[in-house]
Structures are given as structure tokens and as C-alpha cells.
Amino acid sequence: MSERALYLTGLILKPKGLKGEVKVRPETDFPERFLKRGRLFVGPDESRAREMSVVRASLRGGFAYLCFEGQETREQAEALVGQSLYVQESDLVPLPPDTAYVHELVGLEVLDENRHYLGVVEDVLRMPAHEVYQIGTNGKTVLVPAIEEFVVEIDLEGGTMVLRRFHEFL
């Protein structure tokens with residue numbers, strides 16, 4: 001298998017019906033893209049994901065329902081439960097200015113307003129009110145709301161995020 005960058009877009013939750021359909025929890029801000037995708041990578045992780053053709057897709061109640069080529073029975077669908085769905089970078093939706101994908105934020109160095117090193121962005125968590133940055137600092141994990149009150153600047157090209165009031169979270 002050649003080296004490729006894959007990006008999480010959904011998680012297979014359970015089979016639906018008897019004909020191989022699966023229920024998917026979208027992990028994307030663009031669930032409508034499931035309706036247009038002819039292929040997805042399916043697997044327990046990126047390195048073991050295999051390309052599969054989508055033959056039918058629908059959206060209902062915040063979930064995607066997919067049928068893959070060659071998956072025609074409930075038993076075949078059950079074998080996919082718990083696996084993740086991925087897309088290649090070329091399949092990502094271009095984002096508007098001042099927005100970023102999670103994979104672009106993870107790994108950014110976090111600095112205070114005086115440009116002193118604080119830590120590294122480890123993840124971006126979705127919460128009901130807003131997203132939260134998970135930052136690793138001095139062997140601890142700190143959660144900082146992803147809102148203007150705390151985020152001064154994000155420089156993807158420079159690989160940095162500048163925060164204010166960070167010490168309130170320690």
C-alpha cells in the first residue's frame with residue numbers, strides 16, 4: 001500500500017436493514033458530501049483503510065446511510081461496525097478564509113502574547129457551545145475555548161497559535 005494522507009470523515013455505527021447498508025456518524029462540517037462521494041477509505045485506522053466504492057448514500061436525522069459495492073448482506077455490514085471512513089486530501093472541501101481543518105491545527109506550537117512557548121495543540125474537541133483546543137503543556141493537558149477572548153492569532157504557515165489568558169487554565 002502506498003503512503004497517502006487520509007482524513008477522518010465518519011464512523012460506522014451499525015448496520016441498517018438486511019441489505020448491507022450502514023449508519024454513519026459524520027465527523028465533518030460537510031455531511032452533504034457523503035451524497036456525492038463515489039469512494040471512501042474504510043478501516044480501523046488510516047494505515048489499514050481500504051478504498052471502497054459507494055453505491056448509494058442518504059442523509060437522515062444527522063446521520064449518513066451508505067451502501068458499499070460488494071456489501072450486500074447485514075453480516076457484511078456488521079463487519080464494518082466501528083471502522084472509520086476517510087477521504088484523501090484532494091477530496092477535502094476548500095474552506096473559507098480564517099477557517100482551518102483540525103489536522104492543520106494539531107501540532108501547532110502555542111505561544112503567549114509575549115511569544116513565550118506554552119505547549120502544543122494536541123486535538124480540537126467539539127463541544128455543544130464551541131470547539132475547545134486540547135493543549136499539551138509541561139506534561140499536563142489544558143483545555144482552552146476556541147473563541148476570540150482567548151485566541152489572538154493562528155498562523156498555519158508559521159505553525160503557531162497565540163493565546164491570551166492561558167495561565168487561567170493551569
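The largest pocket holds about 1200 Å³ of space. Of its 41 lining residues, A100, Y101, V102, H103 and E131 are the closest to the centre. This is a predicted model.

β1 (6-16), β6 (84-88), α2 (102-105), β8, β9 and β11 each give at least two residues to the lining.

| Class of lining residue | Number of residues |
|---|---|
| Nonpolar | 24 residues |
| Polar | 5 residues |

Strands of a sheet pair through backbone hydrogen bonds, either parallel or antiparallel. Take one pair as an example. Strand β8 (residues 117-126) runs antiparallel to strand β9 (residues 131-137), and the two pair over 6 bridges. At one of these places, V124 has Y133 in β9 as its bridge partner.

Finally, consider F169. This residue lies in the segment after β12 (160-163). Is F169 buried or partly exposed? F169 is partly exposed, because its relative accessible area is 27%, and buried means under 20%. Beyond its neighbours within four places in sequence, F169 contacts V142, L143, V144, P145 and F150. F169 and V142 are 27 residues apart in sequence, yet their C-alpha atoms are 6.5 Å apart in space.

Note on methods:
Residues numbered from 1 in each chain as written. Predicted model: local features only at pLDDT ≥ 70, side-chain atom pairs only at ≥ 80, totals over all residues. Heavy atoms only, no water. Pairing = 2+ DSSP bridges. Helix = DSSP H or I, 4+ residues; strand = E, 2+ residues; numbered from the N terminus. Buried < 20%, exposed > 50% of the residue type's maximum accessible area, 1.4 Å probe, protein only. Contact = heavy atoms within 4.5 Å. 1 Å grid on protein atoms, 1.4 Å probe; cavity = no way out; pocket = protein on both sides within 12 Å on 5 of 7 lines; lining within 4 Å. Points joined across faces, edges and corners; volume = space filled by probe spheres on them. Nonpolar A, V, L, I, M, F, W, Y, C, P; charged D, E, K, R; others polar.
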